[in-house]
Amino acid sequence: MFILLFINKTFFFRNLFTRKQSARFEKQNDVRWKLFGKVPLGENLQKDPKKMQKEYEEKTGRAQRPLSPKQNVRKNLDFEPLSTTALILEDRPANLPAKPAEEAQKHRQQYEEMVVQAKKRELKEAQKRKKQLEERCKLEDSIGNAVLTWNNEILPNWETMCCSRKVRELWWQGIPPSVRGKVWSLAIGNELNITHELYDICLARAKEKWRSLSTGGAEVECEDAGFSAADREASLELIKLDISRTFPSLCIFQQGGPYHDTLHSILGAYTCYRPDVGYVQGMSFIAAVLILNLDTADAFIAFSNLLNKPCQMAFFRVDHGLMLTYFAAFEVFFEENLPKLFAHFKKNNLTPDIYLIDWIFTLYSKSLPLDLACRVWDVFCRDGEEFLFRTALGILKLFEDILTKMDFIHIAQFLTKLPEDLPSEEIFTSIAAIQMQSRNKKWAQVKRMSVFGN
């Protein structure tokens with residue numbers, strides 16, 4: 001049917017083109033020497049323009065009347081796909097037989113069905129866009145109200161309000177980005193009493209080391225005299241390598257990016273501040289998240305105090321005994337909350353270190369989408385190390401059905417590279433369902449028992 005229409009249209013346009021071409025030659029004969037500025041001999045060219053317009057209107061049946069403002073607007077706003085109109089409802093050319101009534105009815109029916117489906121799709125998409133817009137507006141209003149609450153009520157009265165039920169509930173919903181840095185700084189604290197001046201001193205010493213190592217000069221005398229130049233050079237090269245791999249999709253920490261030098265400075269300053277710890281892979285992600293939310297010196301202060309927490313110090317100093325203590329405590333709550341998955345992991349000899357180390361080292365900033373990782377950080381700053389392991393159990397719970405069907409290799413691959421489109425609300429709903437209490441004992445008590453092997 002469509003092929004026949006195409007052939008019919010081809011003959012129609014060919015005849016039309018022939019008629020237009022002959023008309024064009026006739027018009028050229030009338031105009032004659034007009035291109036050379038001479039007076040045309042054709043009769044039509046000497047007619048009044050208004051008269052010619054009137055004749056044209058009478059011939060074509062189109063009276064050119066001024067359109068009213070209402071007429072300028074489409075009378076029928078219903079969706080009408082023009083391509084289907086041309087394809088199905090096109091009448092055959094005059095030199096061909098007309099469509100049979102049955103075929104015309106069939107085409108009309110097909111056209112109406114296509115229009116109905118197109119309208120349904122358009123309505124569904126419009127409703128989806130409307131819902132997304134409403135949710136976005138609602139979220140923006142919620143964030144705006146939260147910002148006012150944090151700035152006007154909570155932050156000015158931090159000491160008295162930070163532990164209140166209202167603040168804890170607001171905290172769980174996520175801290176607005178505009179006040180996130182302030183809240184993190186207050187929640188992490190500054191037990192080390194680091195000042196901006198101390199950061200400048202550590203940074204200056206780091207730059208001096210870098211110059212000495214790059215020029216092959218003598219070893220720099222300082223507190224870490226026990227560390228060889230080769231060790232310090234290796235640490236420096238590791239920092240450079242890790243910076244290039246820090247949030248590569250953002251392209252802001254790599255060479256030439258706006259935060260490359262800032263990240264390099266904070267990591268270098270920390271190696272001078274804590275030579276006993278030095279630089280360890282994973283630190284760059286933690287420092288990068290802080291840089292995105294705080295000024296440079298404040299980010300260094302928060303970074304140093306954060307890594308000084310017992311859990312982070314145990315992992316970054318690679319204290320195997322303490323790390324095993326954390327893993328043992330984690331498995332107690334793992335078995336309590338997810339017994340079926342726990343048994344499946346035991347059966348496949350999948351130990352917590354295979355997936356937990358990467359999650360804890362980077363505080364989930366490498367494993368989760370950045371916005372979701374920041375929300376995990378929000379509650380981590382509120383609840384401490386316990387929330388890191390609760391988050392791990394929440395992730396395992398969310399994917400429990402999938403993981404129980406996998407073997408060792410696929411589980412390890414899945415947990416070391418989580419899906420990139422993790423929904424924030426689903427993750428936090430799963431985390432909220434995790435109970436961090438085993439036989440009336442909380443996290444700190446279970447961990448203490450693990451230390452003594454009870």
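These are my notebook entries on a predicted model of one protein chain.

**Overall**

I began with the secondary structure and found 23 helices and two strands in the chain. Of its 454 residues, 39% are buried. I then looked up contacts between residues at least 6 apart in sequence, and 68% of them join residues at least 24 apart.

**Rings**

I counted 30 aromatic pairs in the structure. One of them is Trp359 with Tyr364, a tilted pair with 5.8 Å between the centres and 35° between the planes. Both Trp359 and Tyr364 are buried. I also noted Arg375, whose charged end sits over the ring of Phe428 at 4.0 Å from the ring centre.

**Positive phi**

Tyr364 came up again here: its phi is positive, about 70°, though the residue is not a glycine. I located Tyr364 in the loop between helix 17 (353-361) and helix 18 (370-383). Its relative accessible area is 0%.

Arg439 is another non-glycine residue with a positive phi, about 55°. I found Arg439 in the loop between strand 1 (437-438) and strand 2 (441-442). Is Arg439 buried or exposed? Arg439 is exposed, at 73% relative accessible area.

**Salt bridges**

The structure has twelve salt bridges, and I looked up three of them.

Arg165 and Glu169 meet through their side chains at 3.3 Å, N to O. The two residues are about one helical turn apart, because they stand four residues from each other in helix 7 (residues 165-172). Arg165 is exposed, with a relative accessible area of 69%, while Glu169 is partly exposed at 44%.

The side chains of Glu331 and Lys346 form a salt bridge at 3.6 Å, N to O. Glu331 belongs to helix 15 (residues 320-337) and Lys346 to helix 16 (residues 339-347), so this pair ties together parts 15 residues apart in sequence. I have Glu331 as partly exposed, at 22% relative accessibility, and Lys346 as partly exposed at 46%.

For Arg382 and Asp383, the closest N and O atoms of the salt bridge are 2.7 Å apart. Arg382 has a relative accessible area of 18% and is buried; Asp383, at 25%, counts as partly exposed. Which residues join Arg382 and Asp383 in one network of salt bridges? I found Arg168, linked with Arg382 and Asp383 through salt bridges that share partners.

Terms used: Residues numbered from 1 in each chain as written. Predicted model: local features only at pLDDT ≥ 70, side-chain atom pairs only at ≥ 80, totals over all residues. Heavy atoms only, no water. Buried < 20%, exposed > 50% of the residue type's maximum accessible area, 1.4 Å probe, protein only. Contact = heavy atoms within 4.5 Å. Phe/Tyr/Trp six-rings, centres within 6.5 Å; stacked < 30°, edge-to-face > 60°. Lys NZ or Arg CZ within 6 Å of the ring centre and 35° of its normal. Salt bridge = Lys/Arg side-chain N within 4 Å of Asp/Glu carboxyl O.
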